[in-house]
Amino acid sequence: MTEHSVPVSAADAGEGVGHAPVLIHQLCFVIQHAIRNSIAVPIVIAVIGVACIPSVGWPRYTAWAASTLAAFGIRALLLRPGMRISVIAENPRRWIKLLFASTWISGIITGSAPFLFFPALEPIEQMFLTMIICCMVTGATASLGAHLVLYASYAGIFMVQLILAWLITGNAHASFVAILLLLYGLIMIGFAANFSREVMTGVTIRFENQELMSQLVAARREAEAANAAKSQFLAAASHDLRQPLHALSLYSAALKLRSTDPASAEIAARINEALESTTALVDSLLDISKLDAGAVRPESRRVSVKALIERIHADYLPIASEKGLSFRASPEDVHVESDPALLEQVLRNLVDNAFKYTSVGGVTLYAKPEEHTVRIAVEDTGPGIHESERERIFQEFYQVGNPERDRTQGLGLGLAIVRRLTRLLGIELHLESVPGRGSTFAVTIPRAAGEPVAPKALAQPADARERTLAGARVLVIDDEPSVRAGMLTLLGSWGCRVRACGGYDEVQQQLDDDASGFDLIIADFRLRQNENGIETVRRLRARLGPVPALIISGDTAPERLREAKDSGLPFLHKPVSVDMLRQRILDLLRP
Ligand code: ADP
């Protein structure tokens, strides 16, 4: 029994229906039909009048007709509010009592016609009245039949009075008619039993469907809340990881620059490798949380499939030859309508997996133009994916056969990102695989209309090392002492003259002591005591003039990402790749 059910006895509920919500629906159904069918009562009264008034006379007929009309009228008035489920739900027991009492009273009054009229009627008129009463009993199946106990008692009241009236007449065939009437009454109750079962099944199904729907809605809400909580957790975790990682990457870059002996260089290289894989994990987490938070907005453009495939092919050829695999590409000269960067990320993820999991044979990347779409597929001769795994591999952190979570075997996030990206881009993702023979991951993208446009290659940083940063005056604002120290070391090793502060107040103090200006401000986004790096840069610019500035943040919360984007200031995510940082600084110093 659910929380909102009211304990009801089997007698109350009719046919053993102990579930209050179902009983309430049943009661409402019966009351609605009983009131609607009351319209037939005056017609029946009139028909009986036509048949009986000549023999019975007006006074006796009028007394019966008036009390019958009054009984049905009062019943309809009393039951009327019960046509609404909410009213019945307030007190179902009261409505059961009212329904039974009013039905029994109107049954006794109406069914008294044979008793009152038979003594004055000819046998043929008695037969006619019997037929009309039988019709009433039959008609009542439609209104009361949904509640078997109610109908059986109502039909019983009519039939018992009718049978007794026949037996009292002492007619030759009275007992035979009485037996026929008894049989008729039982058959009618049998019909009603079927009818009420059907109605109850219908009501129960409807009720169960409603219950199921509300359970589904509740489950969906729960899942959405859990998803939001997970994204929040990921964003927070990735922020907290980014801080120390950022500092570490600064130190490791500085270490690499300074290591002169081979052993130290080897250690620095290993540290860099470890950092790269950790950074890849944090980046994937950031990708997922950004996608879940709706912070990625695709910008659809015309994309050349040929250029896209050629670019990926060129990038992965060295990896193919290193693994002794073939890499064939068939670049079709067609165009699709999609976000170029996000589409490329999808395909690179798929090609990456194909090479990672294939050890014999090779990988094929091809495009197949259809009438309105282009299918781009990545086919490999790898181990294939068993049918039972084909859905699960798209879940976060799910990996087939890597229970020890060996990092070198990946993170289990690639396909989770691919699925989110394809959903975001509104493109279909298909997977076909034969275990032991290989897999094909494919996307179906809408074809572009109109003239081809040259594809924009993804921005590649120019070789930053040829240019120098020597002498550049850089102000670093970060509340993390380790990051400040790391920046001092790294930027110092590039020849910059660096001053590092924890926040605006500290910068002000330093400026009071030495008012020489800066060529660049590098500020953390979230500083101590709710200080915001963007705001700090604005305040400093008000004092120092339009100094170029760069914001670096470990924050991945979508509203903060948007705020940073809206500020118009260049923005980098922690941990920043050292090459990228150098490139950005150079760009900002000499635009
Ligand atoms: P990762 O590759 O980092 O483990 P993914 O989310 O990209 O994470 O992939 C999830 C799992 O799907 C992998 O562990 C791998 O078992 C399986 N998988 C993905 N691509 C392929 C492929 N081309 N061939 C065989 N298995 C694959």
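Trainee: Which residues is Leu 347 in contact with, leaving aside its neighbours within four places in sequence?
Mentor: Leu 347 is in contact with Leu 308, Ile 312, Ile 376 and Val 443, where contact means heavy atoms within 4.5 Å. This is a predicted model, in which local features need pLDDT of at least 70 and side-chain atom pairs count only at pLDDT 80 or more, while totals for chains, interfaces and linings use all residues. Residues are numbered from 1 along each chain as its sequence is written, and side-chain values use heavy atoms, with hydrogens and water left out.

Trainee: Is Leu 347 buried or exposed?
Mentor: Leu 347 is buried, at a relative accessible area of 0%; buried means under 20%, with a 1.4 Å probe and protein chains only.

Trainee: And where does Leu 347 sit?
Mentor: Its place is in helix 13, residues 340–357, helices being DSSP runs of H or I with at least four residues, numbered from the N terminus.

Trainee: Switching to the ligand, which helix gives the most to the shell around it?
Mentor: Helix 13 does, with four residues. The shell has 19 residues, the closest being Asn 353, Tyr 357, Asp 380, Gln 399 and Leu 415, and a residue counts if one of its heavy atoms lies within 4 Å of the ligand.

Trainee: What lies 2.9 Å from an oxygen atom of the ligand?
Mentor: That is a polar side-chain atom of Lys 356, whereas a polar backbone atom of Leu 415 lies 2.8 Å from a ligand oxygen atom.

How values were computed:
Helix = DSSP H or I, 4+ residues; strand = E, 2+ residues; numbered from the N terminus. Buried < 20%, exposed > 50% of the residue type's maximum accessible area, 1.4 Å probe, protein only. Polar contact = N/O pair within 3.5 Å; in protein donor to acceptor, adjacent residues only side chain to side chain.
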